[in-house]
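Here are my notes on the model you sent over. Have a look at the structure first, then read on.

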Amino acid sequence: MRGRSRDQRGAYRAWVRENHPDRGGDPRAFAEGVARWRRSLDGPGALASENGRAPGGIQAFRAPRGPAGWVLRALRRRAARRERARRLR
């Protein structure tokens, strides 16, 4: 977000908070909006890609819900517990 004023960055962040897929926004519309923002960064003196990523590198997906989501989250929590170091006594 280099090369933008504080007001422009604030407006972009507010837009992201409103339209982010994790907050109930449309994933396609969000990806298009981010792509539009990045294209506007490609003006004179701007970076072609942010943080070395190729433009349009955002992918949106929806996490599983219901019983499948519960099982998946439980398995991930269990795997995370196993990865932690055991306490020394």
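1. Ground rules first. This is a predicted model, where local features need pLDDT of at least 70 and side-chain atom pairs count only at pLDDT 80 or more, while totals for chains, interfaces and linings use all residues. Residues are numbered from 1 along each chain as its sequence is written, and side-chain values use heavy atoms, with hydrogens and water left out.

2. Overall make-up. The chain has three helices and zero strands, in the order α-α-α from the N terminus. Helices here are DSSP runs of H or I with at least four residues, strands are runs of E with at least two, and numbering starts at the N terminus. Of the 89 residues in the chain, 12% are buried; that word means under 20% relative accessible area, with exposed being over 50% and partly exposed in between (1.4 Å probe, protein chains only). Among contacts (heavy atoms within 4.5 Å) with a separation of 6 or more, 30% link residues 24 or more positions apart.

3. How do α1 and α2 pack? Their axes come within 10 Å and cross at roughly 165 degrees. Axes are lines fitted to C-alpha atoms, for helices over the stretch in contact, and angles run from 0 to 180 degrees between N-to-C directions. The two helices are therefore roughly antiparallel, a label for angles over 145 degrees. Their crossing is left-handed, meaning that the near helix is turned anticlockwise from the far one by less than a right angle.

4. Which residues of α1 and α2 meet? On the α1 side they are Q8, Y12, W15, V16 and N19, and on the α2 side A29, F30, G33, V34 and W37. By type, this contact has seven nonpolar residues, three polar and no charged. For the bookkeeping, Ala, Val, Leu, Ile, Met, Phe, Trp, Tyr, Cys and Pro count as nonpolar, Asp, Glu, Lys and Arg as charged, and the others, Gly among them, as polar.

5. The core. The largest nonpolar core has six residues: Y12, V16, F30, V34, W37 and L41. Both α1 (6-19) and α2 (27-41) supply at least two of its residues, and the largest share, four residues, comes from α2. A nonpolar core is a set of buried Ala, Val, Leu, Ile, Met, Phe, Trp, Tyr and Cys residues joined through side-chain atoms within 4.5 Å.

6. L41 and R4. L41 sits in helix α2 and counts as buried because its relative accessibility is 10%. R4 belongs to the segment before α1. The pair is 37 residues apart in sequence, yet 8.6 Å apart from C-alpha to C-alpha. Leaving aside neighbours within four places in sequence, R4 contacts R9, W37, S40 and L41.

7. Is R28 buried or exposed? R28, in helix α2, is exposed, with a relative accessible area of 67%. Its C-alpha atom is 9.9 Å from that of F61, 33 residues away along the chain.

Notes:
Angles under 35 degrees count as roughly parallel, over 145 as roughly antiparallel, 65 to 115 as roughly perpendicular and the rest as oblique.
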